[in-house]
Amino acid sequence: LHQHHRNKNQSSSSVVSSSSVEDFDVAHDDEDAKNTLEDDDETHRRRRTRTTFSRRNSLKAGVLTAAAGLGVFTTLSSSNVFGVQVPTSSFLSSSMAMAATSDEDLTFAYFGNGCFWGRQHEFVSLEKDILNREDVQVKSLAGYAGGKRGAGGKNKDTVCYYYGAADTVYERLGHAEVVQIAYKDEDEFKKFCEVYFKNFNKTPFGMQRVDPQDSGPGYRNVVGIPGGIENEKLMKQMESANANGMKLVRGEGNDFDNRGKPTENDQINLVWIVDSDKLPFYPAERYHQFHDGLGYKFPESYTVGLKRAAEKAGAIGKVAGCPEMREKAFADFESLEG
């Protein structure tokens with residue numbers, strides 16, 4: 001495991017056009033075959049034949065501790081999840097549509113850089129310990145976003161982890177693992193940005209996320225904000241928090257070309273900035289929420305208490321069209337559906 005370092009060296013941040021991406025591309029030639037549609041079909045079939053799946057090793061990033069108690073995560077409002085459009089049929093419980101009514105003063109965004117398990121814990125910790133939110137005000141939720149293909153399944157409304165049907169798997173749809181957050185003003189948004197940019201380490205080639213072994217477009221660095229990179233107010237806050245000058249690049253949503261190569265790949269020292277209004281957030285399955293970090297256990301007040309309370313409140317639940325899994329050992333899952 002890599003030791004997490006919080007780099008505080010200051011340097012100017014910059015925004016570059018997508019034409020500059022090539023200069024900062026980290027080759028994943030050994031991943032190209034996996035990313036072709038044909039080979040990805042085979043990869044997916046191999047993954048589905050396993051009764052368990054060990055996630056690639058990741059790293060718990062951060063030093064904050066999640067608080068105990070009730071964590072109610074607002075989910076649906078009509079066809080709206082956390083302020084972005086998601087089909088309501090993605091959820092089982094209609095009670096989840098009731099929670100969003102108190103969120104009119106909040107705006108939603110999402111952050112991705114590697115495994116979402118550790119990132120969710122950090123953002124929950126920020127909400128509790130820094131923003132002083134009560135348990136019922138906690139909003140951070142693990143999920144998928146940034147893919148140009150949207151959703152799959154019969155009704156084109158389903159996004160799943162690797163255990164889902166081939167046309168619903170998040171990475172095949174172009175998505176990355178992300179955590180959606182809610183902020184009330186620009187100052188709060190900047191605090192989330194500061195936590196995000198502390199989850200990168202310095203290397204001779206630029207800033208690299210703390211779990212680089214999770215490679216590929218499904219783990220790329222991506223931030224989704226309303227209006228994308230054209231949102232000058234939020235970009236100003238992001239640039240201020242970007243202490244080590246990572247490249248902030250306009251993204252249009254990841255897709256795959258005719259060779260199966262991703263259009264917005266996993267790259268060092270670079271963050272894709274996308275429009276969350278056009279590229280909505282899809283909540284991850286229940287078994288991914290409030291999970292331990294890979295290689296690091298979080299308090300049961302987080303992994304059990306917060307999760308149980310959120311389930312009881314209807315804030316998280318089964319994602320329709322995605323299989324439910326049970327964790328029989330750490331990061332090893334088996335199906336609950338036979």
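A: In this predicted model, the largest pocket has a volume of about 320 Å³. Its lining is made up of 17 residues, and those closest to the centre of the pocket are Tyr287, His291, Thr303, Lys307 and Glu327. Sorted by class, the residues of this lining are seven nonpolar, two polar and eight charged. Two elements, helix 6 (300-312) and strand 14 (325-329), each supply at least two residues of the lining. Of the elements that contribute, helix 6 gives the most to the lining of the largest pocket, namely four residues.

The packing of two helices may be considered next. Two packed helices are described by the angle between their axes and by the distance between those axes. Helix 3, which covers residues 116-130, packs with helix 4, which covers residues 186-197, at an angle of about 135 degrees. The axes of helix 3 and helix 4 lie 10 Å apart. An angle over 145 degrees would count as roughly antiparallel, and 65 to 115 degrees as roughly perpendicular; helix 3 and helix 4 are therefore oblique to each other. The crossing of helix 3 and helix 4 is right-handed. On the side of helix 3, the contact is made by Glu122, Phe123, Leu126, Glu127 and Ile130, while helix 4 contributes Lys191, Phe192, Val195 and Tyr196. By class, the residues of this contact between helix 3 and helix 4 comprise six nonpolar and three charged, with no polar residue.

Definitions and conventions:
Residues are numbered from 1 along each chain as its sequence is written. This is a predicted model: local features need pLDDT of at least 70, side-chain atom pairs count only at pLDDT 80 or more; totals for chains, interfaces and linings use all residues. Side-chain values use heavy atoms; hydrogens and water are left out. On a 1 Å grid over the protein atoms alone, a cavity is a set of points where a 1.4 Å probe fits but cannot get out, and a pocket is an open set with protein on both sides within 12 Å along at least five of seven lines; lining residues have an atom within 4 Å of a point. Grid points are joined across faces, edges and corners, and a volume is the space filled by probe spheres set on the points. Ala, Val, Leu, Ile, Met, Phe, Trp, Tyr, Cys and Pro count as nonpolar, Asp, Glu, Lys and Arg as charged, and the others, Gly among them, as polar. Axes are lines fitted to C-alpha atoms, for helices over the stretch in contact, and angles run from 0 to 180 degrees between N-to-C directions. Angles under 35 degrees count as roughly parallel, over 145 as roughly antiparallel, 65 to 115 as roughly perpendicular and the rest as oblique. A crossing is left-handed if the near helix is turned anticlockwise from the far one by less than a right angle, and right-handed if clockwise. Contact means heavy atoms within 4.5 Å.
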